Amino acid sequence: MLILECPYCGVHAEETELSPGGEAHLKRFGPGSSEDEFEGYLFVRENPKGVHFERWRHAYGCGKWFHAARCTTTLEVFGTYPAQTTEPPKDIKDKISAKRPGWRWRDFA
Amino acid sequence: MSDLAKVIRHSARGMITLRGDLTSSPLKKAVKAATGYTVPKAGHIAGDDTKGVIWMSPDELLVMVPYGEVEATLAALDKTLLGKHYLAVDVSDARAVFTVEGAQAHEVLARVCPVDLHADSFAVGAFRRTRMAQVAAAIWRHEAGFDVICFRSVGDYAEGLLRNAAAAAPTGALG
Ligand SMILES: [Zn+2]
């Protein structure tokens, strides 16, 4: 069972209280972008064995979107953080580095 | 068969959804004037079902007043918050409200909500929005047990759910 702490209301929400929102930190490519960029934005997703960043919504609670950093192999949760950011905050990255030295995910490391 | 707890379904209660900047002083003043209570911290209720205010999300409160006072309260809120970015709306008739009463009330709710309801984790005055079996619900603990709010469109489902969960022997698992 996956339990994530909502960074807005502090609730430790069990998975069925949340809605999954797919991969985090996608950059939108819209009008004016190349076909490859647009395809990547729409369809190309990470599928890592290990460190992963996701979007979740506290659907049965405060209703807010947030981010989660976790490990797809062990289901360990490194931390959650608000949605108003384009990259994981430093404290989350440090926590991951302490537990998974040398990790890399898209442009983050 | 003795029930774990008594389930009471209430007639309409006065409820106002108030959205806005919860840290702004006009909003704080408006809430204080309407209920007599200050804005509670996250995950809590101030006051009770007749006059109270609940923290629903970082930008939403639920203001509870007697059913007959909703219109006057709304008018007072609108007057205080005039010109500010806010939303206040009467949701009284959109809700079903229950009380689950008795020493084993936490066990009734633990059967239908994925929430740690031990008194150490969820004390009197604690509030939480959650999932109750297949529907969204909001619960808070008071001296007699718990109050439960859900949408009125699923009120009959929620009532059956709570009565069924209450009609069973205690498992003793929750201490
Ligand atoms: Zn939340």
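# Briefing: a buried glutamate, aromatic rings and a hairpin

A:Glu54 is buried, with a relative accessible area of 12%. The cut-off for buried is under 20%, so A:Glu54 falls within that class. This is a predicted model.

**Around A:Glu54**

- A:Glu54 sits in strand β4 of chain A.
- Its side chain makes a polar contact with the side chain of A:Trp56, at 3.0 Å.
- Leaving aside neighbours within four places in sequence, A:Glu54 is in contact with A:Gly22, A:Glu23 and A:Ala24, among others.

**Aromatic rings**

- How many aromatic pairs does the structure hold over all chains? There are 5.
- A pair of rings is described by the distance of the centres and the angle of the planes.
- One of the pairs is A:Phe53 with A:Phe108. Their centres are 6.3 Å apart, and the angle between the planes is 75 degrees. This pair is edge-to-face.
- Which parts of chain A does this pair tie together? A:Phe53 lies in strand β4 (residues 51–57), and A:Phe108 lies in the segment after α2 (90–99). The pair therefore links parts that are 55 residues apart in sequence.
- Are A:Phe53 and A:Phe108 buried or exposed? Both are buried.
- A:Phe108 also pairs with A:Trp105. The ring centres are 6.0 Å apart and the planes are at 15 degrees, so this pair is stacked.
- A:Trp105 is buried, as is A:Phe108.
- A:Phe53, A:Trp103, A:Trp105 and A:Phe108 make up one aromatic cluster.

**Charges over rings**

- A:Lys27 lies over the face of A:Phe29, at 4.6 Å from the ring centre.
- A:Arg55 lies over the face of A:Trp65, at 4.4 Å from the ring centre.

**A strand pair and its turn**

- In chain A, strand β5 (residues 65–71) pairs with strand β6 (residues 77–82). The pairing is antiparallel and runs over 5 bridges.
- Which residue of β6(A) stands opposite A:Ala69? It is A:Gly79.
- β5(A) and β6(A) form a hairpin, with 5 residues between them.
- A:Leu75 is in the turn, with a positive phi of about 65 degrees.

Note on methods: Residues numbered from 1 in each chain as written. Chains lettered and ligands numbered in written order. Predicted model: local features only at pLDDT ≥ 70, side-chain atom pairs only at ≥ 80, totals over all residues. Heavy atoms only, no water. Phe/Tyr/Trp six-rings, centres within 6.5 Å; stacked < 30°, edge-to-face > 60°. Helix = DSSP H or I, 4+ residues; strand = E, 2+ residues; numbered from the N terminus. Buried < 20%, exposed > 50% of the residue type's maximum accessible area, 1.4 Å probe, protein only. Lys NZ or Arg CZ within 6 Å of the ring centre and 35° of its normal. Pairing = 2+ DSSP bridges. Polar contact = N/O pair within 3.5 Å; in protein donor to acceptor, adjacent residues only side chain to side chain. Contact = heavy atoms within 4.5 Å.
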